[in-house]
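Thanks for coming, everyone. Let me put the model on the screen, and then we'll walk through how the chains meet and what lies behind that.

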Protein chains: 2
Amino acid sequence: MTNAWTSWGATQPELSRRARSLLRETLGPLTASTPAPLAEARLSPSALPDATRSRLAAALGGDAVRTDAESRARHAGGQSYEEIVRRRHGDAGAAPDAVLLPADAVQVDQVLRICSDDGVAVVPWGGGTSVVGGLAAERGGHAALVALDLSRLDQLIDVDEDSLTATFQPGITTPAAEAALAAHGLTLGHAPQSYERATLGGYVVTRSAGQASTGYGRIDDMVVGLRMATPVGELVLPAVPGSAAGPDLRRLVLGSEGTLGVVTEVTLRVHRKPAVRRYEGWMAPSWDAGREILRRLAQDGPHPDIARLSDSDETRMSMALSNTGRATRRALSAYLKARRVDSGCLVIVGFEGTKADVSHRRRGVRAALRRGGAVPLGARAGNTWEHGRFSGPYLRDTLLDTGVLVETLETAGEWSGLRELYDEVRTALHSSLGRAVVGCHVSHVYPTGASLYFTVLAAAEPGREIEQWTAAKRAANDAIVAARGTITHHHAVGTAHREHVLDDLSAVGVDALRAVKERLDPAGILNPGKLLPSG
Amino acid sequence: MTNAWTSWGATQPELSRRARSLLRETLGPLTASTPAPLAEARLSPSALPDATRSRLAAALGGDAVRTDAESRARHAGGQSYEEIVRRRHGDAGAAPDAVLLPADAVQVDQVLRICSDDGVAVVPWGGGTSVVGGLAAERGGHAALVALDLSRLDQLIDVDEDSLTATFQPGITTPAAEAALAAHGLTLGHAPQSYERATLGGYVVTRSAGQASTGYGRIDDMVVGLRMATPVGELVLPAVPGSAAGPDLRRLVLGSEGTLGVVTEVTLRVHRKPAVRRYEGWMAPSWDAGREILRRLAQDGPHPDIARLSDSDETRMSMALSNTGRATRRALSAYLKARRVDSGCLVIVGFEGTKADVSHRRRGVRAALRRGGAVPLGARAGNTWEHGRFSGPYLRDTLLDTGVLVETLETAGEWSGLRELYDEVRTALHSSLGRAVVGCHVSHVYPTGASLYFTVLAAAEPGREIEQWTAAKRAANDAIVAARGTITHHHAVGTAHREHVLDDLSAVGVDALRAVKERLDPAGILNPGKLLPSG
C-alpha cells in the first residue's frame, strides 16, 4: 500500500449512482480514465555516477542503494494533482536516479557527506505525501539526484512518562507511532488527513497541522527537541520546556522542508490517552453565523479539541459524495424542512479528555452553538465524520478515474479579514474553472484567526489537466495574497508556493533563510528548488 | 524614575528590624554602602566622530543625538548585579558614546544605515532592564558605540477587536500598553517582574515570560506579526494565525537580542479583560509534593493562569523580608503548628477569566492541591503575593544598601530531571558562596517541564563584589549545563550566557545564527558581543 504508484491505498470507494449523476449534472460531461500500471512507467536511465554509487553502497550496504525502475518510479514525486496526473499517464520522468535506504542516523550523515562531495542532489523522503511538489526531482544544477527514503528509521526511541515526551526516529508513520505510544497509555494526538502514510519527520519539516489541532496544537507546538544531520555536522536541540537561550532554532527546522538538513530524531510532547472521545455534528444557519460561533469559542473558550465548519457548498458536496453520510443527510433534510431555509453549514465539534473535563467543555460549547443559532445533528453525524476522516484521498482516486479534476488548497487569515479571504479565493477558482464545485471548511481555529481549506471539483480536460489546474491554482494564490492570507496553512511550500513565499517572509526573510542554507549546505545538494523562490 | 542611575525606582522599602537581624544572623556581618550620585559618574569623553554625529543630527534632529554625560551615564549598562555595583561605585565606563532618540521607524532605519556606513556599533535600548549584560557597551572592534533609545516609539498603533490583536511600537512600557488596551476592554496579560519599566520590544527580542505565563503564554506565543529594521532592509512578517509558509521567522526575531535588527512594530495577541481575578496561597508539605501537584495540573489540567511554588528556604526568606507578609506569616505559623512539621512550601495559584470559567478551574485546582497534601492559606496570602509581585527590584536596592549581595538566575528543565537540576544548582551556589541563602521557586510550568528561579543572598565582600558573584554565577551555569537545564529560561543570553549558549543551540545552530547575522548586518554593528559566543 505505501508508496503506491498512482493511488493512495489498496482499496477505493465506489460512487453511488446518485453521486455520479449529481456530478455530471453539476460539472458537465466527464471522461473516465484508467491509470497506467507501474510496469509501464516511462523513465530515463539512472544518471547516478558509478563512483558515487559504489561509495554509497559501501556506506549503506548494496541492497540499500536501489536503482531499479520500480523503486525509482515509486519515488517519482508526491501527491499533488499534477504529479498524480503525470504518473497516471505513465510518466515517471520525475523519478530520482536512485533510492537510498539508510538504516540509522550515522548512515544519513554519511549520505550527506558523500553527496556533498560528489555534487548529488538529495530529496529527503518520508511518507511521500507532499501535495505541493516538495518531493519533486529538481536537480538544482547537479548531474544526479537521489531520494533519501527514511522508512527504515521507524522506531520509538524513548518515552519519558514523567515529562510526557517521546523520542522517535523520523520515518515512523502515525499509526505505528500511536501503536507504540498506546503501550504506555499515551497518544500523540496528531491526525492530519495523511495520517496513514505520512511520517513524523515529514510533519516536522512541513509544519503539519492535524484535525484536532485546536486541542493538541500544530506539530510546531509539539516539538520539544530534535537532531538534524546537515552536510556540516549535526544540529542538536535538546528537549527543554521553555527557554530564552537565543532564537528557538526548533522553529527554523520546522518548515525547512529538507532544504537545511535531515531530521534524524525528534522529541515530541505526548498526552495520556483520553478516557472519553465525543464527536458531534451541528448545523449552523449560515457561514457567517458558524464562523462567529467558532471565533468566540477560540477566543473565550471553552475549547473543543476539534472544530470544523463547512460552507453550504461543501456541506452539500460531502452529503452527496459520502457513502456513510446517510444519517447526516437525513438530519440535514429534516433541519432544512423545519427551519424553512435552503442551506445550512455543517459544524463538527470533538472533545477528548477525562469524563469531567469533556462534560464541562461540551456543555459550554453546546450552549455557544445554540446561542449562535445552530441545531444539533447528534453524535451520529459526528461519528460519521470521525469514521471518514482519513477517507478523502481514497475518494480522490475514484473521482480521478471518473474524470473529475479534484484538488485541495488552504490558507489562513485573521478573523477580521476571513470573509473577504473566503470570497476572493472562491471567486478566483470559479472564474478560472467555469463549471465547478468549490467547497470550503474552516479546518483549524486560533484565537486570532482560522484556516480555510478549499476542495475543488471540475470536469477534467483530457490532455490539458495540468494546464487547467495550474491556471486555477495561480488565480487562487493571487487571490490569497491580495486578501492578506498566508500562502499555505499546513500543506507547506514545496515548488507550488515558492514564488509566493516572499509575501509571507519578505525579501529580507528569504535572504536570511538563504544565508542559513548556504552555511549548512554549502554544496546546495539538499532538496534543490523547494521552499525558496528562484533567483 | 525610568533610567534611574543606580536604583530601580524613586521609592525604596525599608527592612524591618526583625529582617535586618535575621539577615545578619544568617549571612554574617554586613557592610552598608551608599551609591555614588549620578553627578559624580566617571566616564570617558564621547568617541563618536563629528562627521557621524552631524549625519545623525541631520537625520534625527540635533536634540535626538545626546552626548551629555548624564544621558550617557543613564545608559551605562542594565540591571545585572555586576552593572549595578559598578555604577554604585561611580563607574560609568560602560556608557555609550551617544544616546539616540529616533521618533519613528524611518529614523531607526536611517540610524542603521548611517552607523553601518560609518562603522559605529548600535545597542538597541528599551527599558534598560536587561539582567544579563544585554545592554553592555561592547564595541566589537568599532571605534564608537551608540545607544538607540526607543522610548519615543511608544504608541499603540492599531487594535483589531475581531481578531483580538493589537499593534504597538516597540518602546511602549507595559503599564502604558495596558492603559491603551484598557480603553478597548482588552489586556495583554504579560507581567514579568520588570513590568513597570520594560518595553514590549524588549520582551520580544529577549523571549520574556510573564508571571501569568501558564494562562497567557510566553511572549513567544503572543507575537503574531512584526516589522524589524535591519541594515539591509526591512523584515516584514504579517499577522497570520498559523502558517506553513517556511520556517516561522518570528521565532528568529524572538530571542535575537538586537543582534539582527531593531523591531519597529509588533502585533500581539490580546485578551478581553477578565471579569474575575482570584489569587490564593496554599502550603505544600514539601518541594517534591508541591512540584508533583503542579506537574499534574500542567499536564492534565485544569490550568491555573498563575502557578508558583517556592521551596522551603524561599518560603522562609520571603516571609522574613516581606513587610506585607504578616498575614501569610501568621498563617504559616498556624499551619506549621497544626501539622507539626518544620517546613512548608508556599504555592500561589491565580485565575483570571469569566466567573464560570474561574469557578470551574478553581474547583479542580483546589481539589488537586488537597489531594497532594497542600492546605489553603486563603485569598489574603494570594493577594499579598499579587500586591508585591513587582516589588522585588525595589527591595533589591535596599538590600544592596545594607551590604547584601542579591541576585537571581533561572533555568528550566523537563519534569523528570527537575529535582536533580534543583539540587545541583543549589549545591553549586552554596559551595561557591559559603554562608548564603539560596531560595528557589518554580515560576513557569509547562506540560513537559518547568522553570526554576533562584534568588541568592550573601554578605557582599566589599571591593570584591564582582569577583564574588562571577565565581558563583559560573558555578551555577556549569551545574545547569551538567544537569541538562537550559542556560536561561527568560532572562536571555546577553554577555552572561554567551559562552554557554552552545549547549542549548549546538555549534551548527550557532553557525546558522552567525550566517543570518552576517547577511542582515554585514558591518557587524548590531549589539556586538551579545548572544553569540566569542570566536
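The two copies meet through the same surface, because 100% of the interface residues of chain B are also interface residues in chain A. Keep in mind that this is a predicted model.

How many residues does the contact take from each chain? It takes 77 from chain B and 77 from chain A. About 6,000 Å² is buried between chain B and chain A. Carbon and sulfur atoms give 58% of that area.

Now the symmetry. Rotate chain B by 180°, with 0.0 Å of shift along the axis, and it superposes on chain A with an RMSD of 0.0 Å. That is the relation of a two-fold axis. Which residue of chain B comes closest to the rotation axis? B:Ala515 does, with its C-alpha at 2.8 Å.

Between chain B and chain A the count is 6 salt bridges.

Which elements of chain B touch chain A? Those giving two or more residues are β8, β9, α10, α11, β16, β18 and α19 of chain B. Helix α19(B) gives the largest share, 16 residues.

Three of those names, α11, β16 and β18, bring us to the sheet. In chain B, 7 strands form an open sheet, in the order β15-β12-β14-β13-β17-β18-β16. The pairing is antiparallel. At the edges sit β15, residues 375-378, and β16, residues 404-414, and each pairs on one side only. From one strand to the next, the twist averages 20°.

Look at the β16 end. Strand β16(B) is joined to β18(B), residues 449-459, by 11 bridges, and the two run antiparallel. There, B:Leu405 stands opposite B:Ala458 of β18(B).

Two helices of chain B to finish. Helix α1, residues 17-27, packs on the sheet and touches β16, β17 and β18 of chain B. Its direction makes about 90° with that of β18(B). Helix α11, residues 287-300, lies across β12, β13, β14, β17 and β18 of chain B. Helix α11(B) runs at about 165° to β13(B). And remember that α11(B) is also among the elements that touch chain A.

Notes:
Residues are numbered from 1 along each chain as its sequence is written. Chains are lettered from A and ligands numbered from 1 in the order in which they are written. This is a predicted model: local features need pLDDT of at least 70, side-chain atom pairs count only at pLDDT 80 or more; totals for chains, interfaces and linings use all residues. Side-chain values use heavy atoms; hydrogens and water are left out. Two strands pair if DSSP finds at least two bridges between them. Helices (H or I, at least four residues) and strands (E, at least two) are DSSP runs, numbered from the N terminus. Axes are lines fitted to C-alpha atoms, for helices over the stretch in contact, and angles run from 0 to 180 degrees between N-to-C directions. Contact means heavy atoms within 4.5 Å. Copies are superposed by least squares on the C-alpha atoms of residues with pLDDT of at least 70 in both. Buried area is the accessible area (1.4 Å probe) that two parts lose on being put together, summed over both. A salt bridge is a side-chain nitrogen of Lys or Arg within 4 Å of a carboxyl oxygen of Asp or Glu.
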